[in-house]
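Visitor: I would like to learn how to read a ligand site and the backbone around it. Please take me through one example.

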Amino acid sequence: MTMFRAFRIHNDEAGYRAGIEAMSTDALSPGEVLVKTAYSSVNYKDALAGTGKGRILRTYPLNGGIDVAGHVIASTDPAFKEGDAVLCTGSGLSETRDGGYSEYARLDARWTIPLPAGLSLRESMILGTAGFTAALALLRMQDNRQTPSLGPIAVTGASGGVGQLAIDIFSRAGYEVHAISGKTDHFDVLRELGASECIDRHQLVFSGKPMDSARFGGALDNVGGSMLSGLLPLISPYGNVAICGNAGGVAFDSTVMPFIIRGASLLGIASAGTARDIRDSVWQHLASDWKPRHLERIATREVTLDGLPGIFASMLAGDSSGRTLVRIDNTV
Ligand SMILES: NC(=O)c1ccc[n+]([C@@H]2O[C@H](COP(=O)([O-])OP(=O)(O)OC[C@H]3O[C@@H](n4cnc5c(N)ncnc54)[C@H](OP(=O)(O)O)[C@@H]3O)[C@@H](O)[C@H]2O)c1
């Protein structure tokens with residue numbers, strides 16, 4: 001039994017609270033693969049879970065953190081051996097089992113991914129759920145016949161973690177990317193990452209017509225709400241809109257017209273529950289042909305477990321940009 005530090009979330013008669021605690025490996029959720037955590041990351045969902053602003057955990061208490069990467073300490077599954085570098089994203093972490101904001105994590109072997117050649121542990125967590133989500137969106141769009149020739153891809157919430165990684169990934173995969181962001185002071189960075197146009201979301205006026213001139217071949221939408229409503233009439237024939245997030249709202253209005261006249265498709269992106277074969281394929285792409293070229297530029301912040309509450313607050317206020325890496329083991 002080893003004692004270690006973890007950022008643990010409780011919700012009981014004493015109320016919702018989260019903070020750093022000492023715990024033992026015996027107390028971790030069951031699983032086959034015990035990992036010494038090197039890095040985790042901060043996603044919007046982590047900020048909701050860590051503050052209680054959103055109902056993410058389905059059981060309490062749990063360690064927060066939907067992403068984890070580190071080295072195997074011990075495994076009862078022969079597929080993994082001591083010293084292997086592994087990662088895990090979603091898959092119940094910080095929802096139904098202890099997550100990655102912890103010096104040790106015990107993982108379910110079915111969802112433990114051997115670190116693919118071409119990625120370091122650090123890079124895998126700059127990507128984390130955000131990069132996995134952006135690449136899953138591209139995979140699903142291409143499965144539904146998205147090609148660069150359909151026109152530019154609109155990326156909304158472009159300065160955020162998913163947004164910046166999506167700009168880099170889609171441009172690397174050969175797409176023209178138009179970034180839609182509320183942060184005009186970030187436009188230079190978004191261009192450096194690969195956006196050929198940057199659009200100020202506060203200046204964006206949608207006509208409100210059921211159909212409008214086609215402007216985008218497709219979209220990756222992190223915002224939802226009126227942004228999604230406004231984008232749908234602008235999608236080219238047979239283009240795809242990958243619905244990734246709800247940073248701006250959950251409800252959206254549409255007519256059937258973009259779907260029955262232009263053949264547009266809405267694709268739901270649910271990274272946490274992705275099947276294992278698709279997961280493997282997405283990580284292989286992220287380590288090779290879709291590997292973002294500007295990962296270190298996108299990693300805007302690095303914190304330890306102690307720095308998490310400050311990051312959650314700025315993320316929920318919409319102030320953050322890029323990705324926040326959580327360094328848990330100072331020796332790697
Ligand atoms: N489906 C999945 O599996 C999955 C996986 C990961 C994340 N997500 C979701 O995807 C979204 C982005 O996640 P993230 O980790 O990239 O978060 P993030 O880093 O906080 O980025 C969110 C971005 O959305 C924009 N935004 C924030 N508040 C807004 C508002 N009120 N109206 C319009 N835009 C607003 C901001 O970008 P600008 O200032 O540039 O406009 C912000 O940077 C979140 O909703 C998250 O829950 C979903």
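This is a predicted model: local features need pLDDT of at least 70, side-chain atom pairs count only at pLDDT 80 or more; totals for chains, interfaces and linings use all residues.

Visitor: Why does the ligand lie between domain 1 and domain 2?

Guide: Both domain 1 (3–115 + 298–327) and domain 2 (129–268) give residues to the shell, so the ligand lies between them. The ligand also sits in the largest pocket.

Visitor: Which residues come nearest, and how does the shell divide by type?

Guide: There are 25 residues around the ligand, and S159, S181, C244, I269 and S271 come nearest. By type, the shell has nine nonpolar residues, 14 polar ones and two charged ones.

Visitor: What lies 2.6 Å from an oxygen atom of the ligand?

Guide: For polar contacts, the cut-off is 3.5 Å between N or O atoms. A polar side-chain atom of S181 is 2.6 Å from a ligand oxygen. Backbone N or O atoms also take part: one of N246 lies 3.0 Å from a ligand oxygen, and one of A247 lies 3.3 Å from a ligand oxygen. On its own the ligand has 910 Å² of accessible area, of which the protein covers 86%.

Visitor: Now the backbone. Where is the cis peptide bond, and which residue other than glycine has a phi near 70°?

Guide: Most peptide bonds are trans, and most residues other than glycine have a negative phi. Here, the bond joining Y60 and P61 is cis, with omega about -10°. P61 belongs to the loop between α1 (44–51) and β4 (62–63). The positive phi, near 70°, is that of R145, a residue in the loop between α2 and β9 (153–156).

Note on methods. Residues are numbered from 1 along each chain as its sequence is written. Side-chain values use heavy atoms; hydrogens and water are left out. A residue is near a molecule or strand if one of its heavy atoms lies within 4 Å of it. A polar contact is a pair of N or O atoms within 3.5 Å; within protein, one must be able to donate a hydrogen and the other to accept it, and residues adjacent in sequence count only if both atoms are side-chain atoms. Accessible areas come from the Shrake-Rupley method with a 1.4 Å probe; for residues, only the protein chains shown count as cover. On a 1 Å grid over the protein atoms alone, a cavity is a set of points where a 1.4 Å probe fits but cannot get out, and a pocket is an open set with protein on both sides within 12 Å along at least five of seven lines; lining residues have an atom within 4 Å of a point. A molecule sits in a cavity or pocket if more than half of its atoms lie within 2 Å of its grid points. Ala, Val, Leu, Ile, Met, Phe, Trp, Tyr, Cys and Pro count as nonpolar, Asp, Glu, Lys and Arg as charged, and the others, Gly among them, as polar. Domain bounds come from an automatic or database domain assignment. Helices (H or I, at least four residues) and strands (E, at least two) are DSSP runs, numbered from the N terminus.
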